[in-house]
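The sequence and the structure come first.

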Amino acid sequence: MNTATTGNEGCQCINQTSLLSSLQNRDCITTNGKPGVYLTLGGSCVPYNYGSTYCLQHDLLNDPICNFDASTTYIIPPYCLESWCYVDAKTCKRDSEEAIYKTKFFISDGTDLFYSYSTCNSTDSFSNTDAATGNVQVVGGLSISADIPAFQFPMLNKQLDDGTLLYKREEDDTRYFDDSIPFGGLYVDYLNTIKDLSNGDIQNVTYTHTSKASLKMYPTSSFTAAVQDVENGLVDMALGPFWITGQRLKMTTFTVPLVYDKTVLVIPKPGQKKSLGYEVQKVLEPFTYSLWGCAIAITVVAALLSVWFSDRELLAKKRYGKSLRQKKQPRKRHKGAYLRLVADAILEKGMFFFSAGIEQDQGASLPHKILMFGFGFFILIAVSAYVANLAAFLTQTGLENTSYGSMKQVSEAGIAICGHPALEAEIRLKWPDANWLFPDGGFDGPDGMFEAYARGDCKVLAVGVEDTILNVETLAKVCENNLVYTDSVVTENPIAFPVKPELASALSYWMYLGEKIYGVNLDTIKEQYIEENGNPGACIVKLSDIDGLEEVDDFTRVSPSNMFLPIMLFVFCAFVGIILQLVHERKRMLGKTSSIGRKSTLAIFENVKKENRSPEKLDDDDWGEVMPRARDIVRRRTTADSNDIAASARSVQFSQDFPGISIPIDSFEENGGGGGSGVAPQSPHGPTSIFRGSIDDMAKEYDSDAHNAEEDNEMNHRVQELVESGVIEEVLDCFDFFQEMKKLKKNQ
C-alpha cells in the first residue's frame, strides 16, 4: 500500500465517517447535495468522510472557503493545498514521532478528533501560519459583550454629556441601567487597550449593566450577580475586580489572574505617642540594646585597665624614692581606695565617650597609650554613627500600641471582625475560630460593613486592598471612620474576569501577550491615572505610611521634650554631686576621713592624718614613708644657723608663704654637690632658699673683678646641673607636700 495516501507507519489515517455522521444538531447539505456536518455553527458544511482514511487535500475538496475558480479575487489560505487526515492519538504518540493536533471544530459536542499533516508528509500551515505571521485569530473577529457590576470610581463609572461622573448607584437611580450612557473607568480603559492590541481579533466590546434578576438573586454582591449573567449567557464576560472564589468557579470560567488581592485588617487609626517615656526611648533608638551594652562594657574595661596601667612601680619610685617592693613594711592599701580609683576611672572614661575624645597624657605609659588609641578609635566610630542617626530618631513620630496588631492577635482575643459576604467561605475556612460578621450590604450596601462598624457591631474590618484602594467611595468611608489599612493579611484571592468557557483561553492569551510583549497590565493603567490625577484618598489610609511620617522632614525642629533624657540625666548627676559634696564637707567639719574629696590617687598621707601629728613630730621612719626629701627640708628649718637668725627668719617666712621653695640637701648629695653637710655647694649661706643662695653667689661673682672664662663656665655648669638633677621637680613635689601639711594643721 502506498504510505503517501494512508499516512506514515506508526501513525496511519483512520476512518471517522461514522463519528461525524452521528453528531446531532450539525446536519447540513453540502454544495454537492450530499448530507454532511457543519465544521462550526453557521460555518462550512463538509461531507461525513471529511478527513477520513486517506491523505488528501480535504479542505480544498470539501471546504467552500478553499474553493476557487476564474472569478475568484481573494487569496485562498495555504492550508487548502496541504494533505492531512484524522489519526489515532494513542497509536501516534506511542509508535511514531509525527505531530498530531486535536481539532477545535467539534469540542462543544464532546468529540475528540485528532489530525496530522506530517504523517502525510505535508507542512502544517493550518496550525502555524497565523501565529508565525503575527496575525493571530483566536476569537475570530467577534464582538464581546461585557457586564459592569457596579460603580467604583475611578475603576468603573459613567460620565454624562455635561461631564458629571456617576460613581455611586443610588437605589432609585435608573441611570446605571441606561446603556445609552457609556461606561468608563480604569478597567474599561484596560480592556479597550487589549482589544486594540488584538489587531481585530476582538472586533468590538459592548458594555452593559447587570440584569435585575441576577441582582435580586444575589443582593449581597453585585459582582456575583454579574457572574450569574455570564453563566446564563446574557453576556460574554464581566469586567471589574472579581475575586476568584469557589462559588464563582462553579458558575463559569475565569481568565488568567490580573493581580492577587490581599484582604487585610482595617483597624482604628492609632494615636501618636507623646509620652515622656517614648521621648526617652528615642534617645537610645540609634543603637540596639546589645550595642549599648557593648559600649558600656568597653568603657568599664578601658577604665579598669587604665587603673592597672597607671598605678605602677615607676610612679612609686618617683614619689617615694624607693620601690614599693623594697619597703620593709609596705603600706597596706585599702579596698576603698581601689574602689575610689576604679570609680574615678569609669567616670573619666565615660566623660571621654560622651565628649567624643580622650585625654592627651604625654607622660602616660606605653600600654596606657595603646589602650587609649583603641578606645579613641571606638569612640570615633560609635559617636559618628550615633550622631548621624540621632536627629531622625528624635523627630520621628510613633504610634501608640494597639490590640489589633495582627490577625492572630485579633482572633485569639475574640474581637468582632466585619468581612465581605463574597469571601465568607474562604475566610471562615482559614480562620474558623475568629469572631466573624458578614453584613449583607458588603462594601457599598445600605447595611454594609462600614455601617456595622459605625454601630459598634464589629471593632475591625477585613477589606481587600486591590478591590478598594482606588475606590473613592470606600476610601471616603475609611477616612470618615478614622480607619487605616494594616499589613496583616487575612486571606489572598486572585482577581480575574469571569468569561464564557469558549472565550477564556482567547481572552487570556491577549491579556498575557499584552503584559509580556507590550507591557500593558492593570497596574500600568492605575499608575498612569495616579500620576495624572493624584491619589484619590482624602486621607492617609495605610498604617505603614503614617508610622514615622515626620522623620522624613529634614527641617523638623528638636523640642525640649525630645531632649528629656539628657536633661534629666544632667539634673540627676548634678543632684548626686551636690549630695556627695555636702557629705564631704560634713566629714571635714567633724574631723573624719573622707574619700570623696578632690584626690584621685592613693592616699599617701593617710598614716599622717590618722595619727594627727604635725610634720615636726615625725621621726625618720615616718618621713621615709612620706617623702625623704621633705624630711631634709624640715631639718634645715629647725637647725638654721644662729648667727644668721634674721636671714633664717626671713627664709622660713618665705617658705611658709611659698611652701616647697627650699632646696633639698640630698639633691646635692645625689648630684655630687657635697658630703651631706646640708649646705649648698660654693655658697657661704646656710640652708636658705636655693634662689636666694644662687642669686647671692651670682651677685658676688658679678661684683668681683675676675670675670674670666673659667668662672663663667662654672656658673653655666651649676645651672645646668640644677636642671638635670630634677631639683625643679622636687621643689614642686615639696610645694604639694606643704600644702597638704597646712590642710592637716587646719583640721587639727
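The model is a predicted one, in which local features need pLDDT of at least 70, side-chain atom pairs count only at pLDDT 80 or more, and totals for chains, interfaces and linings use all residues. Residues are numbered from 1 along each chain as its sequence is written, and side-chain values use heavy atoms, with hydrogens and water left out.

The structure holds 18 aromatic pairs. Rings of Phe, Tyr and Trp (its six-membered ring) pair if their centres lie within 6.5 Å; planes under 30 degrees apart count as stacked, over 60 as edge-to-face and the rest as tilted. Tyrosine 187 and phenylalanine 497 form an edge-to-face pair, with 6.2 Å from centre to centre and 70° between the planes. This pair links distant parts of the chain, 310 residues apart: tyrosine 187 is in helix H6 (residues 186–197), and phenylalanine 497 is in the loop between S19 and strand S20 (498–499). Helices (H or I, at least four residues) and strands (E, at least two) are DSSP runs, numbered from the N terminus.

The pair of tryptophan 436 and phenylalanine 438 is stacked, because the ring centres are 5.7 Å apart and the planes are at 20°. Tryptophan 436 is buried at 8% relative accessible area, and phenylalanine 438 is buried at 11%. Ring pairs also join Tyr50, Trp84, Tyr86, Tyr101, Tyr115 and Tyr117 into a cluster.

The charged end of lysine 158 sits over phenylalanine 183, 4.4 Å from the ring centre. Lysine 212 lies over the face of phenylalanine 177, at 4.8 Å from the ring centre.

The count of disulfides (pairs of cysteine sulfur atoms within 2.5 Å) comes to 6. Among them are the following.

| Pair | S to S | Torsion and hand |
|---|---|---|
| Cysteine 11 and cysteine 92 | 1.9 Å | about 85°, right-handed |
| Cysteine 28 and cysteine 45 | 1.8 Å | 90°, right-handed |
| Cysteine 55 and cysteine 120 | 2.0 Å | -75°, left-handed |

Cysteine 55, in the loop between S3 and helix H3 (58–62), and cysteine 120, in the loop between strand S6 (114–116) and helix H5 (125–133), are 65 residues apart. Cysteine 55 is buried at 6%, as is cysteine 120 at 7%. Cysteine 11 and cysteine 92 are both buried. Cysteine 28 is buried at 7% and cysteine 45 at 11%.

Strands pair if DSSP finds at least two bridges between them. Strand S7 (residues 142–148) runs parallel to strand S11 (residues 202–209), joined by 7 bridges; serine 143 stands opposite asparagine 204 in S11. S7 also runs parallel to strand S12 (residues 237–238), with 2 bridges, and aspartate 147 has alanine 238 in S12 as its bridge partner.

Threonine 491 lies in strand S19 (residues 483–496) and is buried at 8% relative accessible area. Leaving out residues up to four places away in sequence, threonine 491 touches Asp261, Lys262, Thr263, Ile427 and Lys430, where contact means heavy atoms within 4.5 Å.

Note on methods:
Buried means under 20% relative accessible area, exposed over 50%, partly exposed in between (1.4 Å probe, protein chains only). A charge sits over a ring if NZ of Lys or CZ of Arg is within 6 Å of the ring centre and within 35 degrees of the ring normal.
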